[in-house]
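Subject: Structure for your files

Hello,

Here is the structure I said I would pass on. My notes on it follow below.

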Amino acid sequence: MEQARKKVVIIGSAYPLRGGLSNFNERLGEEFLAEGWDVILYTFSLQYPSFLFPGKTQLSSESYKGNLNIKVAVNSINPINWIRVGRELKHLKPNLVVIKFWIPFMAPCLGTIARIVRKNGITKVVTIIDNIIPHEKRPGDRLLAKYFTGSIDGFVAMSRKVLNDISLFDTYKPRIFTPHPIYDNFGKSVSTEEAVKLLNLDPSYHYILFFGFIRDYKGLDILIKAMSNPEIANLRIKLLVAGEFYSEPQTYLDLIQEYDVENSIILSNDFIPDSEVFKYFSVCDLVVQPYKSATQSGVTQIAYHFDKPMVITNVGGLEEFVPNGKVGFVVNPLPEEVADAIVRFYKNDLGDLFLRNIRIEKNKYSWNYFLNNIRSLFNL
């Protein structure tokens, strides 16, 4: 008699919503499919009210090319919807529900759905937590996080810092640390020369990359100040800033003018579609993440996919994933230290050495390993 296929429901952002959360959930769903599970991805019909969303649009500009059953069903601000979705999943009786949690605002919605689902006595609910204590704090965050953690059977943390933070809200449910897998869904790299042409850049310069949504905690201001180091100019290095502003742009534009680095920085400040990501990582020699606070970063795992060395700061959990001096540099979040690391990379011609180490280091971050760790929480 053929054994019944296991069923998993992933609740979180997915197509037609855009961004790293959608990329993560869709890639995880594909991995479950590859392992022989039945997969349904419940995404948001309304993720954020427009007045709470700092970007230009929440929707992808591209067509969906994956194989997942994606159901647009969850309204983050409608309690009646939470009850309906919870009951639907309760009767569906999946073996596992996986909830991606990244911001306390989502706690009432996701926590209520989880509570209802678990009443069937069959489904286990696990959460993959990006941050349990947000980077940008608001009143009520801890109460909301407590409500959410009370609705969950087990926790997956992608940095040891987050694993420790979970203990502030729960001390007895099963939990596991497993690092953020590599984002391998952005296609292959091309040569630097080809990427320069695709982006219409000057081939006589070296390029470093700041990638992703621009929020204050990500430290772009630190990197702008670092670019004023005269040695960086002497080495013909330009900074490519690729990502949409989620903070006030004028702050950064004023800094660029104040530090007289207009000719050293190229701003590409629209959302970068998935199909365009390879151009930006292919053109750069170095990915710089000058964060002021962090847990883990999807940008790190995109850099690994494209075999790019990194300069990161020693905040939160970032340095767990970038061995200092092997695949990049770990520095304090100070302009002079970031600048020094960039200069050291070029002056000491470390690209080939770091590349060899990256190809070894990135083997730790497979999606299969990540999925097996999730399953191990409940022996599924």
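Helices (H or I, at least four residues) and strands (E, at least two) are taken as DSSP runs and numbered from the N terminus. Counted this way, the protein has 14 helices and 13 strands. With a radius of gyration of 21 Å, close to the 21 Å from the globule rule for 380 residues, the protein is as compact as a globular protein of that length; the radius is taken over C-alpha atoms, and the rule is 2.2 Å times the number of residues to the power 0.38.

This is a predicted model, in which local features need pLDDT of at least 70 and side-chain atom pairs count only at pLDDT 80 or more, while totals for chains, interfaces and linings use all residues. Residues are numbered from 1 along each chain as its sequence is written, and side-chain values use heavy atoms, with hydrogens and water left out.

Along the principal axes, the C-alpha atoms fill a box of roughly 65 × 45 × 40 Å. Of the contacts (heavy atoms within 4.5 Å) with a separation of 6 or more, 77% are between residues 24 or more positions apart.

Buried residues make up 57% of the 380, where buried means under 20% relative accessible area with a 1.4 Å probe, protein chains only. Taking a disulfide as a pair of cysteine sulfur atoms within 2.5 Å, the count is zero.

Regards

Notes. Buried means under 20% relative accessible area, exposed over 50%, partly exposed in between (1.4 Å probe, protein chains only).
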